[in-house]
Amino acid sequence: METTPLLIVLLGWLSILIVSILMIYMNRKAPAIHYRGVGLLIASIIVNGFLVLYYIAHDRKPDWFPCFLLLWIPSLGVPLWFLVNGTRFFKLAMLYRMNQAKLGISSGDESENDHGIELTSFQPGSVTEHTNKNIQQRFRKWYYRHQKRFSLNSLIFLILGFMLFHSLMTVTIHVISKDVITYENCVIDWEMIPVVSFHGAYVLLMFPGLVWLVWKVEDAHWIKRELMLVLTVETINFTGRLVAVVTRMIGSTFPVAPTTWFTVATLVVVHIITIVFPLIDGWQENHPGTQTNHTAFQIILDDPYMFQSFKLFSVKDFSVENVLFYEAYKRLSRNVKIRHRDTKTSLIGDSYLVEEILQIYSTFIRTKSSFELNISGRSRREMDCTIEGGPPYSLKTLDNIKEEVFINMYHHTYPRFVRATNTSSRTYSDSTSESILVSKS
């Protein structure tokens, strides 16, 4: 390939990467992007895109690269690619299990059936009240023990630790080998053995571990399906490269594509799977094919059976805190009607109700709270000011937050819930339920 066409290809690919980063950032608040991790998606674009640029340029113009880069780029780039994608598996498992734990913590707190969903909804069969409390305590301990362990900072430190190991190994090879620092005699041979070995180790050892990690995970955003496709494509790439190498070693004349193009094709396909598909999913969220209406959604929230099904689905949607907040708000509203008897003022001064408001605030609204809601900064600041002012409290700000959470559930969780129930033969099989869930245009 001549220099000019090669530059056009490289610049074209670079433009795709830049546009991808901009679109991910512009749609960062969409659930399809948010729950995949904006930082991880951008890191995936950069690592994936850089490796494509390197392999294409090196295959066509190897003299563009100093000899030591032929060692350093694959020695660090390939492990970093595996680690970034592996971290996405950890994030998916963390999101699902954290939402399970939140739902587990919230269950069994109240004696009334409509105040908290029993954990038996996760597994068939019934349990005693004592057993249910034990399960709740186990979830609570698990949640607070793993909340920081599976945080983004912890995952970043994990990646940095592995990359430090690979860097030290590459430095050692660089020092031992004279070829990688002598451009006139740029012959890299045994120096690439660790790269190939770790490539195989990641595929043969890490991939099964990642599959086991998310095996029981259910998500409404198709993240698990996306990651499984990435593993499949990379396994095919590794197998193809291995076959090509073995074919050349035995001197076979069987035509095999260059191993570089196996890798380039894999990286491009991975970009489509992990970036293009989520962007399309985000667009579909804003333009849902299934028609819904406000009344049908309100029916689900008011019906105890449907609300429990919706709450369980919110675990798969990674938005269970919205449903739990809405449930807590309904409980507060019910208690206000019972206990607040001062018709002269709407301010809440009853000690029981004040304690309930403070609990909702510390659990769902306060910055860095355990079940922190994804609400606007303005609403959070207004509620902060309300609490700082002390009792008696006005419910106006809390009412606004409830409406904001309602809109989030209606526009994001509810359409996916409708699609899931429409494709499930076990849920709402009768025509009456279907007519409630989906409005006929």
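F318 is located in the loop that runs between helix 11 and helix 12 of a predicted model, in which local features require a pLDDT of at least 70, side-chain atom pairs count only at pLDDT 80 or more, and totals for chains, interfaces and linings use all residues. Residues are numbered from 1 along each chain as its sequence is written, and side-chain values use heavy atoms, with hydrogens and water left out. Helices (H or I, at least four residues) and strands (E, at least two) are DSSP runs numbered from the N terminus. Although F318 is not a glycine, its phi is positive, at about 60 degrees. With a relative accessibility of 2%, F318 counts as buried, a class defined by a relative accessible area under 20%, with exposed meaning over 50% and partly exposed in between (1.4 Å probe, protein chains only). K368 likewise has a positive phi, near 65 degrees, in a residue other than glycine. K368 occupies the loop between helix 13 and helix 14 and, at 76% relative accessibility, counts as exposed. Most residues other than glycine have a negative phi, and most peptide bonds are trans. A cis peptide bond, with omega about 0 degrees, joins P391 and P392; P392 belongs to the loop between helix 14 (377-388) and helix 15.

The secondary structure of the protein chain consists of 16 helices and zero strands. Of the 441 residues in the chain, 45% are buried. Contacts are defined by heavy atoms within 4.5 Å; among those in the protein chain with a separation of 6 or more, 74% are between residues 24 or more positions apart.

Confidence is expressed as pLDDT, the predictor's confidence in each residue, from 0 to 100. The protein chain averages a pLDDT of 79, and 76% of the residues score at least 70. The pLDDT is below 50 over residues 108-132, a stretch with 36 contacts in the model beyond near neighbours in sequence. Residues 425-441 also have a pLDDT below 50, with 29 contacts beyond near neighbours in sequence. Where pLDDT is low, the predicted coordinates should not be read in detail.

Helix 11 comprises 13 residues (304-316), which at 1.5 Å a residue should span 18 Å; the end C-alpha atoms are 19 Å apart, in agreement with this value. The expected span is 1.5 Å times one less than the number of residues in the helix. At the start of helix 11, a side-chain oxygen of D303 comes to within 3.1 Å of the backbone nitrogen of Y305. The buried residues of helix 11 are M306, F307, F310, K311, F313, S314 and V315. Over the face of F307 lies K330, at 4.7 Å from the ring centre; a charge is assigned to a ring if NZ of Lys or CZ of Arg is within 6 Å of the ring centre and within 35 degrees of the ring normal. K102 lies over the face of F371, at 5.7 Å from the ring centre.

The structure contains 17 aromatic pairs, where rings of Phe, Tyr and Trp (its six-membered ring) pair if their centres lie within 6.5 Å, with planes under 30 degrees apart counted as stacked, over 60 as edge-to-face and the rest as tilted. The ring centres of F310 and F417 are 5.3 Å apart and the planes lie at 90 degrees, so this pair is edge-to-face. Because F310 lies in helix 11 and F417 in helix 15 (residues 396-423), the pair ties together parts that are 107 residues apart in sequence. Both F310 and F417 are buried. An edge-to-face pair is also formed by F325 and F364, at 5.7 Å centre to centre and 70 degrees between the planes. This pair links distant parts of the chain, with F325 in helix 12 (residues 320-339) and F364 in helix 13 (residues 351-365), 39 residues apart. F325 is buried at a relative accessible area of 0%, and F364 counts as buried at 7% relative accessibility. One aromatic cluster is formed by F297, F310, F313, Y326, F406, Y410, Y414 and F417.

T274, in helix 9 (residues 259-286), counts as buried at 0% relative accessibility. Not counting residues up to four places away in sequence, T274 touches L41, S44, R88, E226 and V230.

Methods
Polar contact = N/O pair within 3.5 Å; in protein donor to acceptor, adjacent residues only side chain to side chain.
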